[in-house]
Amino acid sequence: MTDQDVSTALAEELNRIAPDVSLEDVDLAGDLREEFDIDSMDFLTLITALGKRFDLEMPEADYPKMQSFNALVSYLRDRRA
Amino acid sequence: MPSLGADMEAGTLVEQLISPGGTVKRGDLVAAVETQKGVIEIEVFQDGILENWLVDIGAEVPVGTPLANIRAADEVSLSGPLGQPEAPTPGEPEVPQPHDPVSAPDLPEDPAPQDPSPQPAGPELPMPDLPEPEIQWPEDNIATVGQSRPRITPAARRRAAQAGLDLSSLGAQQTGTTITRSDITVLVETPRDDPLPDMRGAIAAAMSRSKREIPHYYLSHQVDLTNADAFVAKTNSDRAPEDRLLMGALFLKAIALAVRKVPEMNGHYESNGFNPSEPIHAGLAISMRGGGLVAPALLDVASLKLDELMHNMRDLVTRVRAGRFRSRELSDATITLTSLGDRGVDQLYGVIYPPQVAIVGIGTPSLRPWVHEGQVVPRLITDITLAADHRASDGRRGALFLKTIAENLTTLEAL
């Protein structure tokens with residue numbers, strides 16, 4: 001699975017939660033919650049969806065590695081590899 | 001058309017979920033109504049057969065207007081329409097419950113002979129002077145279920161409806177993209193005359209009434225959430241994401257337990273004074289994307305375990321953010337919780353949602369210097385606040401209420 005595939009999948013899941021935020025308008029290295037204006041419930045919804053989609057546990061202890069769009073792409077790619 | 005809040009005067013029928021002749025059971029969702037707060041799903045209050053609809057899709061009618069005729073299972077003729085309870089049938093009285101949102105105030109006290117003809121449209125209410133034009137919802141008709149519909153966010157759907165745009169003309173089905181509110185705004189060239197549209201207007205009406213009528217008093221207290229945070233982390237460590245807890249579930253539980261000790265925080269202040277509520281229906285202030293907020297109720301939170309609370313809270317937030325509420329959730333809250341979450345500031349003082357008498361505010365938790373076991377150490381601290389109605393309680397009781405919430409969150413024993 002390439003970075004592009006993971007990135008596309010993440011963008012799709014984020015679009016379900018924050019359909020009003022366009023990827024072009026945000027800093028992909030910035031804080032995910034700030035950039036996409038999502039709260040803890042939205043974040044949990046996102047993590048749940050990604051866990052199902054990629055068949056990953058997405059443990060809470062790893063949340064610090066999921067703090068930006070780019071960090072999440074790296075995390076998902078490394079776990080899927 | 002049920003009343004879905006003190007500030008609601010009219011609503012627009014946007015979905016008929018049951019076709020004429022269809023069987024309905026008490027609690028079934030039968031219709032969806034568009035109000036200033038969004039799309040509300042309407043539950044039916046009796047078993048029977050839906051004979052016919054009295055209001056067309058897209059029509060805006062005053063609160064109290066019957067929406068449909070429902071024939072009870074043991075009736076042979078048309079009965080009182082939905083939205084206006086019929087007289088109890090002799091031998092088998094069926095009286096809508098006091099909190100039933102579709103009940104009208106003029107319920108006959110004695111069983112009366114059934115009127116075989118459909119009743120005239122509801123109580124005489126003046127049509128409110130609403131800014132929106134008549135809204136057409138062709139894509140929401142039940143007959144179109146199964147056909148492709150444009151993907152559109154709830155906010156964009158409302159914006160398009162206000163502007164009278166035909167969604168099917170936007171071409172989103174072909175391109176497969178989602179229509180957002182900004183897309184609609186771009187399409188609508190002339191701005192609205194009304195400075196307070198939709199949800200803003202609903203909030204303005206309810207909050208103005210609150211500040212006009214309710215003598216608020218305010219209290220604040222700091223709580224050490226370090227133990228609670230550790231408890232959530234430990235609980236979640238071996239759980240799949242769908243089963244994880246959020247701190248919000250603990251707040252709800254702590255408040256529900258404190259209400260047991262200080263019941264004058266829970267209920268409605270009405271024309272006859274304060275009416276405490278036995279069940280605790282906790283309104284949850286939920287911010288909406290694109291602005292505004294709503295505070296639908298989590299029903300009967302007192303008896304729920306943490307995991308059940310969390311599940312219900314998740315379900316509610318997900319539906320509300322998708323623009324779907326149920327009628328009871330909007331009318332029945334007995335106390336409200338508002339929480340700033342992880343990205344806010346230290347304190348918020350809520351405005352009580354009438355006719356409730358209290359709102360608990362939770363600030364953003366942060367690490368602060370704190371005296372713990374004789375040492376100054378960093379602990380996870382949050383400010384919890386109470387705004388309460390002085391007609392129903394005094395500061396001493398309010399303080400006990402806040403301290404009880406704090407104790408529940410610190411010791412965790414009761415949770």
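How much area do chain B and chain A bury between them, and what share of it lies on carbon and sulfur atoms? The two chains bury about 1,900 Å² between them, 47% of it on carbon and sulfur atoms; buried area here is the accessible area (1.4 Å probe) that two parts lose on being put together, summed over both.

The model is predicted, so local features need pLDDT of at least 70 and side-chain atom pairs count only at pLDDT 80 or more, whereas totals for chains, interfaces and linings use all residues. Residues are numbered from 1 along each chain as its sequence is written, chains are lettered from A and ligands numbered from 1 in the order in which they are written, and side-chain values use heavy atoms, with hydrogens and water left out.

**The interface**

Select the residues of chain B in contact (heavy atoms within 4.5 Å) with chain A: 20 residues of chain B touch 25 residues of chain A. Next, highlight Arg244(B), Arg289(B) and Arg343(B), which supply 39% of the area that chain B buries against chain A, more than any other three residues.

Display the polar contacts across the interface of chain B and chain A, where 15 residue pairs are found (both at pLDDT 80 or more). Such a contact is a pair of N or O atoms within 3.5 Å; within protein, one must be able to donate a hydrogen and the other to accept it, and residues adjacent in sequence count only if both atoms are side-chain atoms.

On the side that touches chain A, α5 (226-236) and α7 (306-321) of chain B each supply at least two residues. α7(B) gives the most, with five residues.

**Salt bridges**

Select Asp20(A) and Arg289(B), whose side chains meet in one of them (2.7 Å, N to O). This pair runs from the loop between α1 (3-17) and α2 (32-35) of chain A to the loop between β13 (286-287) and β14 (293-294) of chain B.

Move to Asp37(A), which forms a salt bridge with Arg343(B), the closest N and O atoms being 2.9 Å apart. Asp37(A) lies in the loop between α2 and α3 (40-54) of chain A and has a positive phi of about 50° although it is not a glycine.

**A cis peptide bond**

Centre on Pro354(B) and Pro355(B), joined by a cis peptide bond with omega about 5°. Pro355(B) is in the loop between β17 and β18 (358-362) of chain B. Most residues other than glycine have a negative phi, and most peptide bonds are trans.

Terms used: A salt bridge is a side-chain nitrogen of Lys or Arg within 4 Å of a carboxyl oxygen of Asp or Glu. Helices (H or I, at least four residues) and strands (E, at least two) are DSSP runs, numbered from the N terminus.
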